[in-house]
Amino acid sequence: MSTPEDIRGHYVRVNGTRTFYDELGAGQPLVCVHTAGASSLEYQYILPLYAEQGFHAYALDLPGHSRSYPVDWQAHRSIHEHAEFVHAFVKTLGLHNPVITGCSIGGDITLDYAAHHWQEMAAGIAMEGLGRSPTFPSPANMTHPSWTPGWQDMMERAALESLGRGVSQDKREELRWQHRNSQVSAVGDLVAWAGHDVLGKLGAVQCPMLVVRGEDDFWVPRELAEETARAMPKGEVTHLPAVGHYPMFEEPQLISIMAGDFCRKHGILPPKK
């Protein structure tokens with residue numbers, strides 16, 4: 001049995017930007033996508049359990065999150081931008097027919113990925129994700145500097161003003177990002193969540209798709225999760241009692257077994273011996 005200490009971290013360039021990912025296991029590729037403003041660390045407990053199920057699991061930091069830089073120093077503002085980046089990540093690593101999974105915006109990304117690239121994936125497991133997710137007000141207008149001066153501005157100014165006069169503009173921009181990434185990227189993620197809607201495209205998705213919802217998650221209403229599953233020809237939905245918005249973090253053993261059983265049922269993983 002592997003442990004979180006067995007996880008291997010890597011850097012790779014995707015769409016011209018330095019991107020970090022964790023990796024563990026061998027067998028069926030499984031690509032894991034984190035929640036808004038977070039990172040691959042959310043999967044540290046479940047990656048060893050996925051590996052035990054027969055997956056070769058990959059968990060990336062989306063652009064602008066943790067150890068991944070944004071593309072052209074701009075945070076993504078739509079789920080589709082994130083999903084296309086995950087697709088480029090899959091292509092860069094040469095992964096064949098992966099299972100795509102994610103939570104919250106990662107769940108929305110899983111569904112957007114399926115809506116546009118289902119022919120290139122074995123299955124999708126969308127946790128706390130929806131075909132449309134109008135359950136959080138867009139914070140886009142709240143980020144104007146004159147409305148919310150404070151910590152972000154102070155950190156950026158303090159960092160840049162303390163640089164030596166010979167530092168290049170490129171390196172100044174890089175340092176600026178290192179001091180602002182968590183706030184800017186999280187705002188972009190929440191704008192993306194608020195505007196996400198691929199429900200009308202899900203009818204074309206022909207691969208198996210599992211929608212997973214925690215009963216205690218007030219951001220993902222039961223009726224919208226069931227609407228999402230019904231929209232897909234091979235869609236299924238399950239509701240987990242006493243689980244909230246982070247199933248893979250809250251109940252890694254349960255989720256790894258669920259993912260393994262789902263993929264064995266559809267012939268994606270071999271039967272257990």
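A salt bridge here is a side-chain nitrogen of Lys or Arg within 4 Å of a carboxyl oxygen of Asp or Glu. On the charge count, Lys and Arg are positive and Asp and Glu negative, with His and the chain ends not counted. Buried means under 20% relative accessible area, exposed over 50%, and partly exposed in between (1.4 Å probe, protein chains only). The model is a predicted one, so local features need pLDDT of at least 70 and side-chain atom pairs count only at pLDDT 80 or more, while totals for chains, interfaces and linings use all residues. Residues are numbered from 1 along each chain as its sequence is written, and side-chain values use heavy atoms, leaving out hydrogens and water.

D108 is buried yet has no salt bridge, and the nearest side chain of opposite charge, R132, is 11 Å away. What D108 does have is a polar contact of 2.7 Å with the side chain of S133 (a pair of N or O atoms within 3.5 Å; within protein, one must be able to donate a hydrogen and the other to accept it, and residues adjacent in sequence count only if both atoms are side-chain atoms). A polar atom of the D108 side chain also lies 2.8 Å from the backbone nitrogen of L130. Setting aside neighbours within four places in sequence, the contacts of D108 (heavy atoms within 4.5 Å) include I79, G129, W193 and H196.

Next come the aromatic rings. There are 8 aromatic pairs in the structure, counting rings of Phe, Tyr and Trp (its six-membered ring) whose centres lie within 6.5 Å, with planes under 30 degrees apart called stacked, over 60 edge-to-face and the rest tilted. One of them is the tilted pair of Y45 and F249, 5.8 Å centre to centre with 50° between the planes. This pair ties together distant parts of the chain: Y45 is in the loop between β3 (28–33) and α1 (47–53), F249 is in helix α7 (residues 247–250), and they are 204 residues apart. Y45 counts as partly exposed because its relative accessibility is 41%. Y50 and F55 form an edge-to-face pair, 5.8 Å centre to centre with 85° between the planes. At 1% relative accessibility, Y50 is buried, and F55 is buried at 0%. Y21, Y58 and F89 make up one aromatic cluster.

Notes
Helix = DSSP H or I, 4+ residues; strand = E, 2+ residues; numbered from the N terminus.
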